[in-house]
Amino acid sequence: MILIGENLNVMSQTLGPALRERNAGPIEEMAKNETEAGIDLVDLNIGPARKGGDELMAWVVNTIQAVTDKMLSLDTTNLDAMEAGLKVRQGPVLINSVSLQTSRIDRGLELAQKYNADLIGLLWSNEGMPRDVNERAMHTVDFIYKANEAGIPNERIWIDPIASPVSVEINQVKACVEFMTMLGEIAPGCKSTVGLSNISNGAPTELRPWLNRTYMIMLARYGLYSAIVDAFDKDLMKIARGERPDIVELVYKMMDGEKPDISSLPKEMANYAKTTRVLMGESLYSHSWLEV
Amino acid sequence: MAFEIPKTAYSGKIREMALGKGDKAVTVGGETAYPFYLFEGEMPNLPKIAMEVYDMPPEEWPEAAMEPFTGVTDDPVAWAQKCIKDYGAEMICLQLLSTDPNGLDRPADEAAQVVKKVADAIDVPLIVWGTANHDKDTDVLRAVAEIVQDKSLILGPLEEGDYKKIGAAAIGYKHTVVASTPIDINLAKQLNILLGNLGVPDNLLAIDPTVSCIGYGIEYCYSVMERMRMAALTQQDDKLQFPIICNIAKEAWKTKEAKISEAEDPKMGDAKKRGILLEAMSAIVLLLAGGDVLIMRHPEAIKLVREMIADLTAK
(Lines give C-alpha, C1' and ligand atoms only; values in the text may rest on other atoms or scores of the structure.)
Protein backbone atom coordinates (compact mmCIF):
# COMPACT_ATOMS: atom_id res chain seq x y z
CA MET A 1 0.00 0.00 0.00
CA ILE A 2 1.40 3.34 -1.08
CA LEU A 3 0.57 5.95 1.55
CA ILE A 4 0.04 9.63 0.83
CA GLY A 5 0.28 11.81 3.96
CA GLU A 6 -2.67 14.19 4.26
CA ASN A 7 -1.36 16.32 7.10
CA LEU A 8 0.26 19.19 5.22
CA ASN A 9 -3.01 20.95 4.78
CA VAL A 10 -4.19 24.54 4.55
CA MET A 11 -7.05 23.63 6.90
CA SER A 12 -4.58 23.07 9.75
CA GLN A 13 -4.68 25.80 12.36
CA THR A 14 -0.90 26.13 12.42
CA LEU A 15 -0.03 25.34 8.81
CA GLY A 16 -2.76 27.52 7.29
CA PRO A 17 -1.27 30.74 8.67
CA ALA A 18 2.25 29.50 7.93
CA LEU A 19 1.30 29.00 4.28
CA ARG A 20 -0.25 32.45 4.05
CA GLU A 21 2.76 34.10 5.70
CA ARG A 22 5.31 32.03 3.77
CA ASN A 23 6.72 30.89 7.09
CA ALA A 24 8.79 27.88 6.02
CA GLY A 25 9.55 26.50 9.51
CA PRO A 26 6.30 24.67 10.38
CA ILE A 27 5.85 23.52 6.76
CA GLU A 28 9.29 21.96 6.62
CA GLU A 29 8.79 20.37 9.99
CA MET A 30 5.54 18.75 8.93
CA ALA A 31 7.12 17.36 5.76
CA LYS A 32 10.02 15.97 7.77
CA ASN A 33 7.70 14.44 10.37
CA GLU A 34 5.58 12.79 7.69
CA THR A 35 8.72 11.45 6.04
CA GLU A 36 9.96 10.05 9.32
CA ALA A 37 6.53 8.54 10.03
CA GLY A 38 7.08 6.46 6.92
CA ILE A 39 4.68 7.77 4.31
CA ASP A 40 5.49 7.40 0.59
CA LEU A 41 4.22 10.71 -0.75
CA VAL A 42 3.70 14.08 0.87
CA ASP A 43 0.45 15.73 -0.17
CA LEU A 44 0.66 19.52 -0.41
CA ASN A 45 -2.90 20.72 0.06
CA ILE A 46 -3.12 24.47 -0.47
CA GLY A 47 -6.89 24.43 -0.96
CA PRO A 48 -8.66 26.33 -3.74
CA ALA A 49 -5.98 29.09 -3.51
CA ARG A 50 -7.86 31.39 -5.85
CA LYS A 51 -5.64 34.41 -5.31
CA GLY A 52 -1.90 34.07 -5.79
CA GLY A 53 -2.16 30.27 -5.81
CA ASP A 54 0.56 29.91 -8.46
CA GLU A 55 3.13 31.77 -6.46
CA LEU A 56 2.13 29.90 -3.27
CA MET A 57 2.35 26.43 -4.81
CA ALA A 58 5.76 27.17 -6.34
CA TRP A 59 6.99 28.32 -2.94
CA VAL A 60 5.63 25.25 -1.11
CA VAL A 61 7.08 22.82 -3.64
CA ASN A 62 10.49 24.45 -3.41
CA THR A 63 10.31 24.52 0.37
CA ILE A 64 9.36 20.85 0.67
CA GLN A 65 11.60 19.34 -1.95
CA ALA A 66 14.57 20.78 -0.09
CA VAL A 67 13.75 18.70 3.00
CA THR A 68 12.29 15.42 1.72
CA ASP A 69 13.08 13.08 -1.13
CA LYS A 70 9.57 11.65 -1.15
CA MET A 71 7.31 11.91 -4.18
CA LEU A 72 5.07 14.97 -3.93
CA SER A 73 1.32 15.14 -4.45
CA LEU A 74 0.17 18.62 -5.47
CA ASP A 75 -3.32 19.19 -4.13
CA THR A 76 -5.32 22.17 -5.35
CA THR A 77 -8.29 22.87 -7.58
CA ASN A 78 -6.51 25.93 -9.02
CA LEU A 79 -4.93 24.63 -12.22
CA ASP A 80 -2.68 27.68 -12.58
CA ALA A 81 -1.28 26.91 -9.14
CA MET A 82 -0.93 23.27 -10.20
CA GLU A 83 1.10 24.26 -13.23
CA ALA A 84 3.32 26.60 -11.21
CA GLY A 85 4.09 23.73 -8.81
CA LEU A 86 4.79 21.27 -11.61
CA LYS A 87 7.14 23.77 -13.28
CA VAL A 88 9.45 24.02 -10.27
CA ARG A 89 9.21 20.39 -9.13
CA GLN A 90 12.38 18.40 -9.58
CA GLY A 91 11.47 14.73 -9.16
CA PRO A 92 8.41 12.52 -9.31
CA VAL A 93 5.08 14.24 -8.86
CA LEU A 94 1.37 13.42 -8.63
CA ILE A 95 -1.41 15.78 -9.69
CA ASN A 96 -4.16 15.67 -7.05
CA SER A 97 -6.52 15.75 -8.80
CA VAL A 98 -8.15 15.93 -12.23
CA SER A 99 -11.91 15.52 -12.24
CA LEU A 100 -14.10 14.56 -15.18
CA GLN A 101 -15.82 17.92 -15.26
CA THR A 102 -15.75 19.42 -18.74
CA SER A 103 -14.23 22.61 -17.43
CA ARG A 104 -11.27 20.79 -15.87
CA ILE A 105 -10.33 17.57 -17.58
CA ASP A 106 -8.66 18.88 -20.74
CA ARG A 107 -6.35 21.27 -18.93
CA GLY A 108 -5.59 18.68 -16.24
CA LEU A 109 -4.60 16.04 -18.77
CA GLU A 110 -2.55 18.57 -20.70
CA LEU A 111 -0.57 19.39 -17.53
CA ALA A 112 0.05 15.72 -16.77
CA GLN A 113 1.31 15.18 -20.30
CA LYS A 114 3.43 18.32 -20.44
CA TYR A 115 5.16 17.71 -17.10
CA ASN A 116 5.28 13.92 -17.27
CA ALA A 117 3.30 13.72 -14.03
CA ASP A 118 1.13 10.98 -12.57
CA LEU A 119 -2.42 12.10 -11.91
CA ILE A 120 -5.34 11.21 -9.71
CA GLY A 121 -8.45 10.68 -11.82
CA LEU A 122 -11.25 11.86 -9.59
CA LEU A 123 -14.55 10.32 -10.64
CA TRP A 124 -16.42 13.57 -10.10
CA SER A 125 -18.37 14.44 -13.23
CA ASN A 126 -20.56 17.29 -14.43
CA GLU A 127 -23.35 15.64 -12.45
CA GLY A 128 -21.27 15.58 -9.27
CA MET A 129 -20.57 12.51 -7.21
CA PRO A 130 -21.18 9.10 -8.84
CA ARG A 131 -24.33 7.53 -7.44
CA ASP A 132 -23.34 3.87 -7.51
CA VAL A 133 -20.78 1.38 -8.70
CA ASN A 134 -22.01 1.47 -12.30
CA GLU A 135 -21.52 5.20 -12.61
CA ARG A 136 -18.04 4.78 -11.15
CA ALA A 137 -17.23 2.18 -13.81
CA MET A 138 -18.67 4.36 -16.56
CA HIS A 139 -16.72 7.42 -15.44
CA THR A 140 -13.53 5.37 -15.21
CA VAL A 141 -13.91 4.27 -18.81
CA ASP A 142 -14.48 7.87 -19.87
CA PHE A 143 -11.52 9.12 -17.91
CA ILE A 144 -9.10 6.47 -19.14
CA TYR A 145 -10.23 6.97 -22.73
CA LYS A 146 -9.63 10.71 -22.59
CA ALA A 147 -6.30 10.30 -20.79
CA ASN A 148 -5.04 7.69 -23.25
CA GLU A 149 -6.06 9.96 -26.11
CA ALA A 150 -4.00 12.71 -24.53
CA GLY A 151 -1.03 10.35 -24.52
CA ILE A 152 -1.12 9.32 -20.86
CA PRO A 153 -0.75 5.56 -20.22
CA ASN A 154 -2.88 3.72 -17.64
CA GLU A 155 0.14 3.28 -15.39
CA ARG A 156 0.22 6.99 -14.63
CA ILE A 157 -3.46 7.22 -13.71
CA TRP A 158 -4.59 6.79 -10.10
CA ILE A 159 -8.36 6.45 -10.09
CA ASP A 160 -10.15 7.82 -7.00
CA PRO A 161 -13.67 6.35 -6.69
CA ILE A 162 -14.51 8.90 -3.93
CA ALA A 163 -15.14 7.53 -0.47
CA SER A 164 -18.00 9.13 1.42
CA PRO A 165 -18.83 9.13 5.14
CA VAL A 166 -20.28 5.98 6.64
CA SER A 167 -22.91 8.08 8.40
CA VAL A 168 -24.21 9.50 5.13
CA GLU A 169 -24.98 6.61 2.81
CA ILE A 170 -23.85 3.06 3.40
CA ASN A 171 -24.53 2.05 -0.20
CA GLN A 172 -21.84 4.48 -1.34
CA VAL A 173 -19.42 2.90 1.13
CA LYS A 174 -20.17 -0.52 -0.34
CA ALA A 175 -20.03 0.80 -3.90
CA CYS A 176 -16.39 1.84 -3.49
CA VAL A 177 -15.45 -1.64 -2.31
CA GLU A 178 -17.31 -3.25 -5.18
CA PHE A 179 -15.69 -0.83 -7.59
CA MET A 180 -12.25 -2.01 -6.51
CA THR A 181 -13.12 -5.54 -7.58
CA MET A 182 -13.84 -4.23 -11.09
CA LEU A 183 -11.10 -1.69 -11.69
CA GLY A 184 -8.44 -4.18 -12.77
CA GLU A 185 -10.65 -5.44 -15.57
CA ILE A 186 -11.91 -2.07 -16.68
CA ALA A 187 -8.49 -0.50 -16.85
CA PRO A 188 -5.56 -2.93 -16.70
CA GLY A 189 -2.44 -1.39 -15.25
CA CYS A 190 -4.30 1.56 -13.83
CA LYS A 191 -3.57 2.54 -10.23
CA SER A 192 -6.03 3.66 -7.58
CA THR A 193 -6.25 5.81 -4.50
CA VAL A 194 -8.85 7.04 -2.05
CA GLY A 195 -9.19 9.86 0.48
CA LEU A 196 -9.45 7.42 3.33
CA SER A 197 -10.37 9.81 6.13
CA ASN A 198 -13.60 10.74 4.31
CA ILE A 199 -15.09 7.46 5.50
CA SER A 200 -15.01 8.65 9.11
CA ASN A 201 -16.02 12.25 8.53
CA GLY A 202 -18.58 13.17 11.20
CA ALA A 203 -17.59 10.33 13.56
CA PRO A 204 -16.19 11.16 17.02
CA THR A 205 -12.56 12.24 16.50
CA GLU A 206 -10.99 9.66 18.79
CA LEU A 207 -12.85 6.83 17.07
CA ARG A 208 -12.18 7.80 13.46
CA PRO A 209 -9.01 5.67 13.06
CA TRP A 210 -11.01 2.44 13.52
CA LEU A 211 -13.11 3.27 10.49
CA ASN A 212 -10.13 4.49 8.44
CA ARG A 213 -8.03 1.41 9.07
CA THR A 214 -10.79 -1.11 8.56
CA TYR A 215 -11.92 0.49 5.33
CA MET A 216 -8.35 0.50 4.07
CA ILE A 217 -8.10 -3.23 4.66
CA MET A 218 -11.40 -3.85 2.86
CA LEU A 219 -10.39 -1.80 -0.18
CA ALA A 220 -6.86 -3.19 -0.21
CA ARG A 221 -8.22 -6.69 -0.42
CA TYR A 222 -9.42 -5.91 -3.94
CA GLY A 223 -6.29 -4.14 -5.01
CA LEU A 224 -6.38 -0.57 -3.73
CA TYR A 225 -2.95 0.76 -4.72
CA SER A 226 -2.69 3.76 -2.46
CA ALA A 227 -4.55 5.86 0.08
CA ILE A 228 -4.41 9.42 1.31
CA VAL A 229 -4.07 8.98 5.07
CA ASP A 230 -3.23 10.49 8.42
CA ALA A 231 0.55 10.01 8.46
CA PHE A 232 0.59 9.80 12.24
CA ASP A 233 -1.83 6.91 12.74
CA LYS A 234 0.77 4.35 13.79
CA ASP A 235 -1.60 1.40 13.78
CA LEU A 236 -2.74 2.23 10.27
CA MET A 237 0.88 2.38 9.22
CA LYS A 238 1.52 -1.07 10.73
CA ILE A 239 -1.44 -2.58 8.94
CA ALA A 240 -0.38 -1.01 5.64
CA ARG A 241 3.14 -2.38 6.09
CA GLY A 242 1.95 -5.93 6.64
CA GLU A 243 2.74 -6.01 10.35
CA ARG A 244 -0.79 -6.89 11.47
CA PRO A 245 -1.81 -9.98 9.49
CA ASP A 246 -4.11 -10.98 12.36
CA ILE A 247 -6.35 -7.97 11.83
CA VAL A 248 -6.29 -8.32 8.06
CA GLU A 249 -7.23 -11.98 8.30
CA LEU A 250 -10.19 -11.22 10.58
CA VAL A 251 -11.54 -8.57 8.21
CA TYR A 252 -11.09 -10.82 5.15
CA LYS A 253 -12.90 -13.69 6.85
CA MET A 254 -15.82 -11.47 7.70
CA MET A 255 -15.93 -10.20 4.13
CA ASP A 256 -16.21 -13.84 3.10
CA GLY A 257 -19.28 -14.29 5.28
CA GLU A 258 -17.81 -15.67 8.47
CA LYS A 259 -19.49 -14.40 11.62
CA PRO A 260 -17.03 -14.53 14.50
CA ASP A 261 -18.33 -14.47 18.05
CA ILE A 262 -17.44 -10.85 18.66
CA SER A 263 -17.98 -11.02 22.42
CA SER A 264 -15.22 -13.61 22.74
CA LEU A 265 -12.63 -11.55 20.86
CA PRO A 266 -10.04 -9.37 22.60
CA LYS A 267 -11.08 -5.69 22.68
CA GLU A 268 -8.94 -4.57 19.74
CA MET A 269 -10.09 -7.39 17.48
CA ALA A 270 -13.68 -6.92 18.58
CA ASN A 271 -13.47 -3.28 17.53
CA TYR A 272 -12.23 -4.25 14.07
CA ALA A 273 -14.97 -6.88 13.80
CA LYS A 274 -17.68 -4.39 14.77
CA THR A 275 -16.31 -1.81 12.36
CA THR A 276 -16.20 -4.36 9.54
CA ARG A 277 -19.86 -5.18 10.18
CA VAL A 278 -20.76 -1.51 9.97
CA LEU A 279 -18.75 -0.89 6.79
CA MET A 280 -20.22 -3.96 5.11
CA GLY A 281 -23.69 -2.61 5.83
CA GLU A 282 -24.61 -5.48 8.16
CA SER A 283 -25.03 -3.22 11.15
CA LEU A 284 -26.23 0.35 11.04
CA TYR A 285 -23.69 3.00 12.01
CA SER A 286 -24.14 5.07 15.16
CA HIS A 287 -21.51 7.04 17.09
CA SER A 288 -21.53 4.28 19.72
CA TRP A 289 -20.98 1.48 17.21
CA LEU A 290 -18.05 0.07 19.18
CA GLU A 291 -20.15 -0.17 22.35
CA VAL A 292 -23.13 -2.13 21.04
CA MET B 1 -41.62 -24.88 -12.70
CA ALA B 2 -44.19 -22.93 -10.75
CA PHE B 3 -43.48 -19.30 -10.07
CA GLU B 4 -42.58 -18.56 -6.49
CA ILE B 5 -43.19 -15.12 -5.07
CA PRO B 6 -39.95 -13.85 -3.52
CA LYS B 7 -40.18 -13.39 0.22
CA THR B 8 -38.22 -11.10 2.47
CA ALA B 9 -36.12 -12.95 5.05
CA TYR B 10 -37.02 -11.39 8.38
CA SER B 11 -34.94 -11.99 11.46
CA GLY B 12 -36.23 -9.35 13.87
CA LYS B 13 -39.40 -8.03 15.42
CA ILE B 14 -40.60 -4.61 16.58
CA ARG B 15 -41.07 -4.52 20.35
CA GLU B 16 -44.62 -4.64 21.59
CA MET B 17 -45.36 -1.77 23.87
CA ALA B 18 -48.30 -0.99 26.14
CA LEU B 19 -49.31 2.67 26.29
CA GLY B 20 -51.46 4.13 29.03
CA LYS B 21 -53.17 2.31 31.87
CA GLY B 22 -56.40 0.49 32.61
CA ASP B 23 -59.20 -0.59 30.27
CA LYS B 24 -58.34 1.93 27.59
CA ALA B 25 -54.61 1.19 27.46
CA VAL B 26 -53.43 0.34 23.95
CA THR B 27 -50.70 -1.88 22.61
CA VAL B 28 -48.57 -0.92 19.63
CA GLY B 29 -45.68 -2.54 17.79
CA GLY B 30 -45.07 -6.27 17.49
CA GLU B 31 -44.64 -6.25 13.70
CA THR B 32 -42.69 -9.14 12.19
CA ALA B 33 -42.77 -7.81 8.62
CA TYR B 34 -42.74 -4.51 6.72
CA PRO B 35 -45.81 -2.32 7.22
CA PHE B 36 -48.97 -4.08 6.01
CA TYR B 37 -46.96 -6.94 4.47
CA LEU B 38 -49.47 -9.33 5.96
CA PHE B 39 -48.52 -11.87 3.30
CA GLU B 40 -45.05 -12.05 4.82
CA GLY B 41 -45.57 -11.63 8.54
CA GLU B 42 -47.75 -10.26 11.28
CA MET B 43 -48.96 -6.91 12.40
CA PRO B 44 -50.60 -7.94 15.67
CA ASN B 45 -51.47 -4.39 16.69
CA LEU B 46 -52.90 -1.97 14.18
CA PRO B 47 -51.48 1.57 14.12
CA LYS B 48 -53.14 3.95 16.58
CA ILE B 49 -54.17 7.56 16.12
CA ALA B 50 -53.77 10.13 18.88
CA MET B 51 -55.87 13.28 18.56
CA GLU B 52 -54.24 16.60 19.22
CA VAL B 53 -55.32 18.90 22.01
CA TYR B 54 -53.59 22.21 22.71
CA ASP B 55 -53.10 23.82 26.10
CA MET B 56 -53.99 27.24 24.71
CA PRO B 57 -56.38 28.42 22.01
CA PRO B 58 -54.63 27.90 18.68
CA GLU B 59 -53.70 30.91 16.61
CA GLU B 60 -53.48 30.95 12.84
CA TRP B 61 -55.22 27.63 12.34
CA PRO B 62 -57.25 27.45 9.15
CA GLU B 63 -61.00 27.53 9.64
CA ALA B 64 -61.36 23.90 8.59
CA ALA B 65 -59.09 22.77 11.43
CA MET B 66 -60.87 24.90 14.06
CA GLU B 67 -64.43 24.06 13.14
CA PRO B 68 -64.62 20.54 14.66
CA PHE B 69 -63.49 21.94 18.01
CA THR B 70 -65.70 25.01 18.26
CA GLY B 71 -66.38 25.90 21.89
CA VAL B 72 -63.65 23.79 23.47
CA THR B 73 -60.39 25.30 22.21
CA ASP B 74 -59.91 27.36 25.36
CA ASP B 75 -60.35 24.34 27.63
CA PRO B 76 -57.99 21.41 27.10
CA VAL B 77 -60.07 19.14 29.35
CA ALA B 78 -63.26 19.74 27.38
CA TRP B 79 -61.31 19.49 24.14
CA ALA B 80 -59.84 16.11 25.06
CA GLN B 81 -63.21 14.82 26.19
CA LYS B 82 -64.82 15.96 22.96
CA CYS B 83 -62.16 14.12 20.94
CA ILE B 84 -62.91 10.92 22.83
CA LYS B 85 -66.69 11.23 23.05
CA ASP B 86 -67.53 12.75 19.67
CA TYR B 87 -64.67 11.51 17.50
CA GLY B 88 -63.73 8.23 19.13
CA ALA B 89 -60.11 9.15 19.92
CA GLU B 90 -58.20 6.14 21.24
CA MET B 91 -55.33 8.34 22.42
CA ILE B 92 -54.81 12.04 23.12
CA CYS B 93 -51.72 14.13 22.49
CA LEU B 94 -51.55 17.28 24.59
CA GLN B 95 -49.33 19.84 22.85
CA LEU B 96 -47.86 22.18 25.47
CA LEU B 97 -47.67 25.13 23.12
CA SER B 98 -48.17 27.64 25.95
CA THR B 99 -44.79 26.75 27.45
CA ASP B 100 -42.87 28.03 24.40
CA PRO B 101 -40.27 30.52 25.71
CA ASN B 102 -40.79 32.53 22.52
CA GLY B 103 -44.51 32.66 23.17
CA LEU B 104 -46.52 32.64 26.41
CA ASP B 105 -43.67 30.96 28.30
CA ARG B 106 -46.03 29.45 30.85
CA PRO B 107 -44.10 28.16 33.90
CA ALA B 108 -43.46 24.43 34.20
CA ASP B 109 -45.61 23.88 37.31
CA GLU B 110 -48.65 25.55 35.79
CA ALA B 111 -48.26 23.53 32.62
CA ALA B 112 -47.95 20.34 34.65
CA GLN B 113 -51.19 21.15 36.49
CA VAL B 114 -52.98 21.43 33.15
CA VAL B 115 -51.57 18.05 32.14
CA LYS B 116 -52.81 16.61 35.42
CA LYS B 117 -56.32 17.95 34.87
CA VAL B 118 -56.46 16.45 31.39
CA ALA B 119 -54.95 13.14 32.54
CA ASP B 120 -57.48 12.90 35.37
CA ALA B 121 -60.40 13.63 33.05
CA ILE B 122 -59.66 10.96 30.42
CA ASP B 123 -58.95 7.25 30.47
CA VAL B 124 -57.18 6.85 27.11
CA PRO B 125 -53.35 7.03 26.88
CA LEU B 126 -51.95 10.56 26.98
CA ILE B 127 -48.97 11.80 24.98
CA VAL B 128 -47.49 15.04 26.36
CA TRP B 129 -45.45 17.03 23.86
CA GLY B 130 -43.16 19.95 24.62
CA THR B 131 -41.82 22.68 22.38
CA ALA B 132 -38.40 21.17 21.56
CA ASN B 133 -36.68 23.90 23.56
CA HIS B 134 -34.14 21.92 25.59
CA ASP B 135 -34.08 24.02 28.75
CA LYS B 136 -37.81 24.59 28.86
CA ASP B 137 -38.76 21.02 27.99
CA THR B 138 -36.42 19.82 30.72
CA ASP B 139 -38.28 21.92 33.30
CA VAL B 140 -41.74 21.23 31.96
CA LEU B 141 -41.51 17.51 31.25
CA ARG B 142 -39.75 16.78 34.53
CA ALA B 143 -42.51 18.60 36.39
CA VAL B 144 -45.12 16.70 34.39
CA ALA B 145 -43.41 13.37 35.08
CA GLU B 146 -43.54 14.02 38.79
CA ILE B 147 -46.93 15.68 39.20
CA VAL B 148 -48.73 13.16 36.97
CA GLN B 149 -46.74 10.22 38.25
CA ASP B 150 -49.16 7.34 38.20
CA LYS B 151 -50.61 7.73 34.71
CA SER B 152 -48.00 6.08 32.47
CA LEU B 153 -47.72 9.10 30.20
CA ILE B 154 -45.84 9.22 26.92
CA LEU B 155 -43.38 12.15 27.09
CA GLY B 156 -41.66 13.83 24.17
CA PRO B 157 -39.67 15.04 22.48
CA LEU B 158 -36.41 13.89 24.11
CA GLU B 159 -33.45 15.11 22.11
CA GLU B 160 -29.70 14.71 22.38
CA GLY B 161 -29.55 18.04 24.24
CA ASP B 162 -32.08 17.19 26.95
CA TYR B 163 -32.56 13.43 27.13
CA LYS B 164 -30.65 12.88 30.35
CA LYS B 165 -32.73 14.87 32.81
CA ILE B 166 -36.09 14.19 31.20
CA GLY B 167 -35.15 10.54 30.74
CA ALA B 168 -34.16 10.21 34.39
CA ALA B 169 -37.49 11.66 35.55
CA ALA B 170 -39.40 9.37 33.20
CA ILE B 171 -37.52 6.32 34.48
CA GLY B 172 -38.32 7.32 38.05
CA TYR B 173 -42.05 7.54 37.43
CA LYS B 174 -42.31 4.83 34.75
CA HIS B 175 -43.43 6.99 31.87
CA THR B 176 -42.72 6.16 28.23
CA VAL B 177 -40.29 8.47 26.42
CA VAL B 178 -40.13 9.45 22.75
CA ALA B 179 -36.61 9.82 21.35
CA SER B 180 -36.56 12.53 18.71
CA THR B 181 -33.87 13.09 16.08
CA PRO B 182 -33.76 15.24 12.94
CA ILE B 183 -34.52 12.80 10.07
CA ASP B 184 -31.28 10.83 10.42
CA ILE B 185 -31.20 7.11 10.99
CA ASN B 186 -27.71 7.03 12.48
CA LEU B 187 -28.57 9.73 15.00
CA ALA B 188 -31.83 7.97 15.83
CA LYS B 189 -29.97 4.78 16.63
CA GLN B 190 -27.43 6.72 18.66
CA LEU B 191 -30.05 8.42 20.82
CA ASN B 192 -31.73 5.07 21.47
CA ILE B 193 -28.39 3.69 22.60
CA LEU B 194 -27.84 6.69 24.88
CA LEU B 195 -31.32 6.35 26.41
CA GLY B 196 -30.69 2.65 26.93
CA ASN B 197 -27.40 3.46 28.65
CA LEU B 198 -29.25 5.93 30.85
CA GLY B 199 -31.52 3.15 32.00
CA VAL B 200 -34.72 3.64 30.02
CA PRO B 201 -36.24 0.15 29.71
CA ASP B 202 -36.77 -1.10 26.17
CA ASN B 203 -40.52 -1.32 26.67
CA LEU B 204 -40.76 2.38 27.53
CA LEU B 205 -39.05 3.84 24.46
CA ALA B 206 -40.54 5.00 21.17
CA ILE B 207 -38.98 6.79 18.20
CA ASP B 208 -39.92 10.15 16.71
CA PRO B 209 -37.99 10.30 13.43
CA THR B 210 -39.22 13.89 12.80
CA VAL B 211 -41.77 13.96 10.04
CA SER B 212 -42.99 16.46 7.49
CA CYS B 213 -45.94 16.82 5.21
CA ILE B 214 -46.43 15.95 1.55
CA GLY B 215 -44.66 18.59 -0.49
CA TYR B 216 -42.27 19.39 2.34
CA GLY B 217 -39.78 16.55 2.21
CA ILE B 218 -41.90 13.62 3.32
CA GLU B 219 -39.80 11.46 0.99
CA TYR B 220 -36.86 11.83 3.35
CA CYS B 221 -38.96 10.83 6.35
CA TYR B 222 -40.28 7.87 4.43
CA SER B 223 -36.81 6.76 3.46
CA VAL B 224 -35.43 7.09 7.00
CA MET B 225 -38.37 5.19 8.51
CA GLU B 226 -38.11 2.52 5.83
CA ARG B 227 -34.43 2.05 6.58
CA MET B 228 -35.20 1.86 10.31
CA ARG B 229 -37.59 -0.99 9.65
CA MET B 230 -35.12 -2.72 7.34
CA ALA B 231 -32.43 -2.59 10.03
CA ALA B 232 -34.87 -3.65 12.75
CA LEU B 233 -36.51 -6.50 10.87
CA THR B 234 -33.80 -7.87 8.57
CA GLN B 235 -30.59 -7.02 10.42
CA GLN B 236 -31.75 -7.69 13.98
CA ASP B 237 -30.77 -4.17 14.95
CA ASP B 238 -32.22 -4.17 18.44
CA LYS B 239 -31.54 -0.46 18.88
CA LEU B 240 -34.12 0.31 16.22
CA GLN B 241 -36.80 -2.23 17.09
CA PHE B 242 -39.04 0.36 18.70
CA PRO B 243 -42.47 1.65 17.71
CA ILE B 244 -42.47 4.90 15.72
CA ILE B 245 -44.57 7.95 16.61
CA CYS B 246 -45.33 10.51 13.88
CA ASN B 247 -46.27 14.05 14.89
CA ILE B 248 -47.85 14.89 11.55
CA ALA B 249 -50.88 17.12 12.21
CA LYS B 250 -49.07 20.35 12.92
CA GLU B 251 -46.84 19.82 9.89
CA ALA B 252 -49.79 19.38 7.55
CA TRP B 253 -51.93 22.23 8.85
CA LYS B 254 -49.20 24.86 8.95
CA THR B 255 -48.51 24.63 5.22
CA LYS B 256 -49.57 27.29 2.78
CA GLU B 257 -51.52 24.62 0.91
CA ALA B 258 -53.67 23.89 3.97
CA LYS B 259 -54.07 27.51 5.04
CA ILE B 260 -54.81 29.50 1.93
CA SER B 261 -58.52 30.17 1.37
CA GLU B 262 -60.33 29.42 -1.84
CA ALA B 263 -61.17 33.10 -2.19
CA GLU B 264 -57.50 34.02 -2.12
CA ASP B 265 -56.57 31.48 -4.76
CA PRO B 266 -59.58 29.91 -6.49
CA LYS B 267 -57.52 27.38 -8.44
CA MET B 268 -56.50 25.72 -5.15
CA GLY B 269 -60.09 24.54 -4.67
CA ASP B 270 -62.10 23.93 -1.52
CA ALA B 271 -59.91 24.71 1.49
CA LYS B 272 -61.52 22.25 3.90
CA LYS B 273 -61.23 19.30 1.57
CA ARG B 274 -57.69 20.28 0.72
CA GLY B 275 -56.50 20.46 4.33
CA ILE B 276 -58.17 17.22 5.29
CA LEU B 277 -56.71 15.37 2.32
CA LEU B 278 -53.26 16.79 2.91
CA GLU B 279 -53.30 15.57 6.50
CA ALA B 280 -54.82 12.19 5.66
CA MET B 281 -52.54 11.45 2.72
CA SER B 282 -49.43 12.49 4.62
CA ALA B 283 -50.50 10.24 7.49
CA ILE B 284 -51.03 7.30 5.15
CA VAL B 285 -47.60 7.74 3.61
CA LEU B 286 -46.12 7.60 7.12
CA LEU B 287 -48.16 4.50 7.96
CA LEU B 288 -46.77 2.76 4.90
CA ALA B 289 -43.26 3.69 6.02
CA GLY B 290 -43.75 2.13 9.45
CA GLY B 291 -45.59 4.58 11.72
CA ASP B 292 -47.18 2.93 14.77
CA VAL B 293 -48.80 6.01 16.31
CA LEU B 294 -49.99 9.02 14.31
CA ILE B 295 -50.68 12.32 16.01
CA MET B 296 -53.54 13.80 13.99
CA ARG B 297 -56.00 16.68 14.09
CA HIS B 298 -59.04 16.67 11.83
CA PRO B 299 -61.73 14.05 12.56
CA GLU B 300 -62.45 13.54 8.89
CA ALA B 301 -58.79 13.03 8.05
CA ILE B 302 -58.66 10.51 10.88
CA LYS B 303 -61.72 8.75 9.49
CA LEU B 304 -60.05 8.42 6.10
CA VAL B 305 -56.91 6.98 7.64
CA ARG B 306 -58.88 4.50 9.74
CA GLU B 307 -60.69 3.34 6.62
CA MET B 308 -57.39 2.87 4.87
CA ILE B 309 -56.00 0.85 7.77
CA ALA B 310 -59.12 -1.34 7.69
CA ASP B 311 -58.80 -1.82 3.92
CA LEU B 312 -55.13 -2.69 4.09
CA THR B 313 -55.67 -5.23 6.83
CA ALA B 314 -58.93 -6.77 5.57
CA LYS B 315 -58.75 -10.54 5.47
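The model is predicted: local features need pLDDT of at least 70, side-chain atom pairs count only at pLDDT 80 or more, and totals for chains, interfaces and linings use all residues. Residues are numbered from 1 along each chain as its sequence is written, while chains are lettered from A and ligands numbered from 1 in the order in which they are written.

Chain A contains 11 helices and 8 strands. Helices (H or I, at least four residues) and strands (E, at least two) are DSSP runs, numbered from the N terminus. The C-alpha trace of chain A spans about 55 × 40 × 30 Å along its principal axes. A compact globule of 292 residues would have a radius of gyration near 19 Å, and chain A agrees, with 19 Å. This radius is taken over C-alpha atoms, and the globule rule is 2.2 Å times the number of residues to the power 0.38. Of the 292 residues in chain A, 47% are buried. Buried means that 20 or more other C-beta atoms lie within 10 Å of the residue's own; exposed means 12 or fewer, and partly exposed lies in between, with C-beta atoms placed from the backbone.

The 8 strands of an open sheet in chain A follow the order S7-S6-S5-S4-S3-S2-S1-S8, with parallel pairing. Pairing requires at least two bridges found by DSSP between two strands. Strands S7 (191–192) and S8 (226–229) of chain A are the edges, each pairing on one side only. Strand S1 (residues 2–5) of chain A runs parallel to S8(A), and 4 bridges join them. A:Ile4 stands opposite A:Ile228 in S8(A).

Helix H10 (residues 245–255) of chain A has the buried residues A:Ile247, A:Leu250, A:Val251 and A:Met254. They cover an arc of only 95° around the axis, which puts them on the same side of H10(A). The arc is that of the directions from the helix axis to the C-beta atoms. Exposed residues A:Pro245 and A:Glu249 sit on the face turned away from the buried side of H10(A). The buried residues of H10(A) pack against helices H8 (208–221), H9 (234–240) and H11 (267–279) of chain A. Just after H10(A), A:Gly257 takes a positive phi of about 105°.

The contact between the chains takes 10 residues from chain B and 9 residues from chain A. Two residues are in contact if their C-beta atoms, placed from the backbone, lie within 7 Å. Helix H6 (residues 185–198) of chain B supplies the largest share of the chain B side, 5 residues.
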